[in-house]
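Reader: I am new to this structure. Please show it to me, and then let me ask about it piece by piece.

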Amino acid sequence: MSETKLREDICWQAASIFNRGMTGGASGNISVRTEDGGLLVTPTGSSFGRLDPARLSRFDAAGNHIGGDKPTKEMPLHAAFYETRRSAGAVVHLHSTHSVALSMLPETDPDNMLPPLTAYSIMRLGKVKLLPYFRPGDPAMGDAVRGLAGKRSAVVLANHGPVVASKDLEAAVYAMEELEETAKLAILLRGANAVHLTHEQITDVVTKFEVDWD
Ligand SMILES: [Zn+2]
């Protein structure tokens with residue numbers, strides 16, 4: 001995909017996320033791999049509602065900032081995913097309400113945050129890991145992602161927000177939407193004794209769609 005198209009897609013997807021109330025103010029950030037092995041990253045302090053394609057931060061393949069505005073302070077999160085998951089072509093991070101709410105509930109399983117409510121959340125996300133709380137910009141959040149050794153494509157930082165890596169921007173956004181919607185279902189159904197997928201149904205989805213479910 002041409003860099004011009006990538007830049008337009010980042011701004012279009014970000015505006016769509018903003019307009020649906022999935023991340024507000026200047027929160028959230030996106031990075032996407034370019035054909036030359038570099039990165040395009042949303043700038044620090046920028047709102048998803050009005051990104052300028054020409055001002056996205058541009059990095060070369062060696063990680064040098066070569067153009068555009070200063071990148072997001074949450075760059076260590078993105079770098080950790082690219083370092084540990086060779087298949088990663090895009091990383092999306094939001095401050096989305098329901099995922100954050102779920103990160104704070106005592107019954108949430110830190111190793112597999114989402115209850116098995118729908119097949120699509122399992123297909124698109126695998127097991128979602130709950131990571132501890134970190135002060136904004138703390139490089140330790142990157143170390144926490146590195147500690148997963150590339151085994152997870154989706155994590156939620158407690159009391160902060162989700163981070164999803166996928167092969168390209170569209171897949172990462174779709175996976176993020178699935179995470180937020182499943183967290184919303186989990187919150188809506190809290191205490192309602194809702195019907196979950198059975199162990200057999202989960203195994204069937206994991207096998208059929210070759211989901212990484214370790
Ligand atoms: Zn954040």
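Author: Let us start with G63, which lies in the loop between β3 and β4. Helices (H or I, at least four residues) and strands (E, at least two) are DSSP runs, numbered from the N terminus. This is a predicted model: local features need pLDDT of at least 70, side-chain atom pairs count only at pLDDT 80 or more, and totals for chains, interfaces and linings use all residues. Residues are numbered from 1 along each chain as its sequence is written, and side-chain values use heavy atoms, with hydrogens and water left out.

Reader: Is G63 buried, exposed or partly exposed?

Author: Buried means under 20% relative accessible area, exposed over 50%, and partly exposed in between (1.4 Å probe, protein chains only). G63 has 45% relative accessibility, so G63 counts as partly exposed.

Reader: How far apart in space are G63 and G37?

Author: In sequence, G63 and G37 are 26 residues apart. From C-alpha to C-alpha, their separation in space is 9.3 Å.

Reader: Which residues coordinate the zinc ion?

Author: Donors are N, O and S atoms within 2.8 Å of the metal (3.2 Å for Na, K and Ca); water is not among the atoms, so sites may look incomplete. Here the coordinating distances are 2.0 to 2.6 Å.

Reader: What spacing do the donors of the zinc ion follow along the chain?

Author: The pattern starts with E and ends with H. Written out, the spacing is E-x18-H-x1-H-x64-H.

Reader: Where are E74 and H93, and how many residues apart are they?

Author: E74 is in the loop between β4 (65–67) and α2 (75–84), and H93 is in strand β5 (residues 90–93). The pair links distant parts of the chain. E74 is buried, as its relative accessible area is 9%, and H93 is buried at 0%.

Reader: Where is L94, and which residues does L94 touch?

Author: L94 sits in the loop between β5 and α3 (97–103). L94 is buried, with a relative accessible area of 0%. Contact means heavy atoms within 4.5 Å. Not counting residues up to four places away in sequence, L94 touches I17, M22, T23, G28, F48, H160, G161, P162 and M176.

Reader: How far apart in space are L94 and G24?

Author: The two are 70 residues apart in sequence. C-alpha to C-alpha, the value is 8.8 Å.

Reader: Is T42 buried or exposed, and which residues is T42 in contact with?

Author: T42 is found in the loop between β2 (39–41) and β3 (57–59). Its relative accessibility is 1%, so T42 counts as buried. Leaving aside neighbours within four places in sequence, T42 is in contact with I10, G28, N29, I30, F48, L51, L56, S57, P71 and T72.

Reader: Are α1 and α6 roughly parallel or roughly antiparallel?

Author: Axes are lines fitted to C-alpha atoms, for helices over the stretch in contact, and angles run from 0 to 180 degrees between N-to-C directions. The axes of helix α1 (residues 3–19) and helix α6 (residues 169–188) come within 11 Å and cross at roughly 10 degrees. Angles under 35 degrees count as roughly parallel, over 145 as roughly antiparallel, 65 to 115 as roughly perpendicular and the rest as oblique. So α1 and α6 are roughly parallel.

Reader: Which residues meet where α1 and α6 are in contact?

Author: On the α6 side are L169, E170 and V173. On the α1 side are D9, I10, Q13 and I17.

Reader: Where is I187, and which residues does I187 touch?

Author: I187 is found in helix α6. At a relative accessible area of 29%, I187 is partly exposed. Not counting residues up to four places away in sequence, I187 touches H98, A101, L102 and L105.

Reader: What is the phi of N193?

Author: N193 is in the loop between α6 and α7 (199–208). N193 counts as exposed, at 75% relative accessibility. N193 is not a glycine, yet its phi is positive, at about 55 degrees.
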